[in-house]
Amino acid sequence: MADNDLMEKLVSLSKRRGYVFQSSEIYGGTGSVWDYGPLGVELKRNVKDAWWRAMVHERDDIEGLDAAILMHPKVWEASGHIAEFTDPLVECRNCHRRFRVDTLLSETGAKELETAQCPSCGKRGEWTEPRNFNLMFKTFMGPAEDSANVVYLRPETAQGIYVNFLNVQQSARQRVPFGIAQIGKAFRNEITPGNFTFRTREFEQMEMQFFVKPGTDEAAFEEWRERRMKWHTEVMGLSPDRLRYHPHEKLAHYASAAGDVEFFFGGTIGDEGWGEIEGIHNRTDFDLKRHQEFSGKKLLYVDAQNNERYIPYIIETSVGADRVTLAVLANAYREEAVEGETRVVLSIKPSLAPLKCGVFPLVKKDGMPERATAIHEDLRRRGIPSFYDEAGAIGRRYRRQDEAGTPFCITVDGETMEQGTVTIRDRDSMEQTRLSQDEIVNWLTERLR
Ligand code: ATP
């Protein structure tokens with residue numbers, strides 16, 4: 001389970017090893033916007049690729065889409081975001097920091113606002129009246145900055161899927177039930193951001209909308225709920241005891257059933273350390289009906305075989321790429337005492353790890369650097385991300401890769417030069433196996449799946 005300082009430790013490890021940096025750091029940073037460094041971009045890309053594989057490549061009934069961030073402003077009227085996408089906000093009269101009422105109450109443990117203590121200055125009960133605040137970022141399209149030209153940065157990717165529902169269904173010749181999957185950026189002017197990359201103002205979503213015949217929606221919801229829970233444990237490698245499904249009691253305006261997949265991050269995240277990483281919703285026919293009404297275009301599915309026409313119901317699975325990436329890091333972080341020192345390890349699943357392999361010459365002489373370089377270059381050519389390191393004692397090189405989350409390290413030593421064998425060290429057990437240089441690729445490939 002996580003300790004309460006875990007986020008702080010992850011922030012510092014992420015900077016040290018190149019996972020995540022604060023955005024515009026040299027200018028003092030931008031509020032709750034983060035940049036992924038060399039290892040972070042690889043990890044997040046592996047997370048997204050695994051999702052795309054499970055959703056699109058391994059299925060015949062889900063199609064991919066990449067819709068634009070900027071959409072017609074009427075989309076957000078139809079979706080309800082202009083009217084409903086607001087958070088009640090209060091300001092501390094003492095230090096003028098603003099907070100979302102719900103997160104303030106859950107994070108301070110107060111029953112009502114009057115007794116809540118300001119997390120910033122410590123004053124109790126000094127709050128302004130709650131005021132609603134729309135979370136969408138506004139900008140202008142074209143040269144004139146007037147209200148006729150206002151457009152929004154999308155706060156979710158889902159609407160791009162709904163408005164393309166018939167384009168995809170007809171061009172891909174899909175029949176209900178089928179789904180559309182999309183990965184893309186979303187923007188929310190969050191009032192109480194924070195907790196590293198858990199709540200940011202710019203983030204990436206991986207959303208899949210599954211279109212079903214009304215009446216079959218409840219069974220489909222259950223199927224997707226189970227499938228998604230399994231994905232988090234089996235594909236992301238998240239510990240089952242740090243995952244739970246939390247059904248919503250209060251439903252959003254568009255949903256008939258909803259729940260969150262939550263991960264235990266610890267610290268001040270969410271409900272006593274449990275934070276949402278994915279939402280699963282039965283959105284009924286709300287979205288397609290609204291787009292039909294606001295656009296004046298029919299969004300009916302025609303089932304020629306059964307001579308039926310209807311507006312499908314939608315089961316949505318919506319997961320944050322950044323939150324899952326953070327969950328993978330939090331799940332992987334371990335500290336252990338080894339020979340009187342603390343060893344920090346990121347036990348990321350090998351299939352997700354940014355670097356798969358470190359390659360080291362034991363010493364910088366006797367032809368070992370040349371042999372190790374040849375192995376490293378061969379791995380790279382075969383698409384196995386590898387890192388060559390000859391600097392410092394071998395123990396320190398292992399530790400650097402432990403912190404970076406690299407699952408295997410190959411060392412070229414005297415026996416390599418005489419007998420053609422290398423050692424491969426396992427990050428988690430620290431055990432070393434000796435095998436012939438020719439077997440390296442097969443050995444690794446089997447373990448990187
Ligand atoms: P929360 O209650 O935490 O604000 P939400 O219920 O508004 O989240 P959804 O609208 O269901 O979130 O979005 C689906 C997913 O998108 C979430 O499960 C989360 O992984 C991700 N997400 C939403 N908002 C953010 C954010 N500000 N920063 C990072 N990821 C986010």
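Okay, let's start with a term: a polar contact is a pair of N or O atoms within 3.5 Å, and inside the protein one of them must be able to donate a hydrogen and the other to accept it, with residues adjacent in sequence counting only if both atoms are side-chain atoms. Here's one to look at: the side chains of Asp260 and His248 are joined by a polar contact of 2.9 Å.

Before I go on, a word on what this is. It's a predicted model, where local features need pLDDT of at least 70 and side-chain atom pairs count only at pLDDT 80 or more, while totals for chains, interfaces and linings use all residues. Residues are numbered from 1 along each chain as its sequence is written, and side-chain values use heavy atoms, leaving out hydrogens and water.

So, the overall picture. The C-alpha trace spans about 75 × 65 × 50 Å along its principal axes. Of the 449 residues, 49% are buried, and buried means under 20% relative accessible area, exposed over 50%, and partly exposed in between, with a 1.4 Å probe and protein chains only.

Back to Asp260, which sits in strand E12, residues 257–264. Asp260 is buried but has no salt bridge, meaning a side-chain nitrogen of Lys or Arg within 4 Å of a carboxyl oxygen of Asp or Glu. Its nearest side chain of opposite charge is Arg323, 7.7 Å away. For charge, Lys and Arg count as positive, Asp and Glu as negative, and His and the chain ends aren't counted.

Now the ligand. Which residues are closest to the ligand? Those are Glu190, Arg199, Thr200, Glu276 and Ile277, out of 16 that surround it, where a residue is near if one of its heavy atoms lies within 4 Å. Strands E10 (202–212), E13 (274–282) and E16 (313–320) each supply at least two residues of that shell, and E13 gives the most, with five.

Looking at individual atoms, a backbone N or O atom of Thr200 is 2.8 Å from a ligand nitrogen, and one of Phe198 is 3.4 Å from a ligand nitrogen. On the side-chain end, an N or O atom of Gln205 lies 3.3 Å from a ligand oxygen.

Last stop: Glu390, in the loop between strand E20 (386–388) and helix H12 (394–404). Glu390 is partly exposed, because its relative accessible area is 30%.

Terms used. Helix = DSSP H or I, 4+ residues; strand = E, 2+ residues; numbered from the N terminus.
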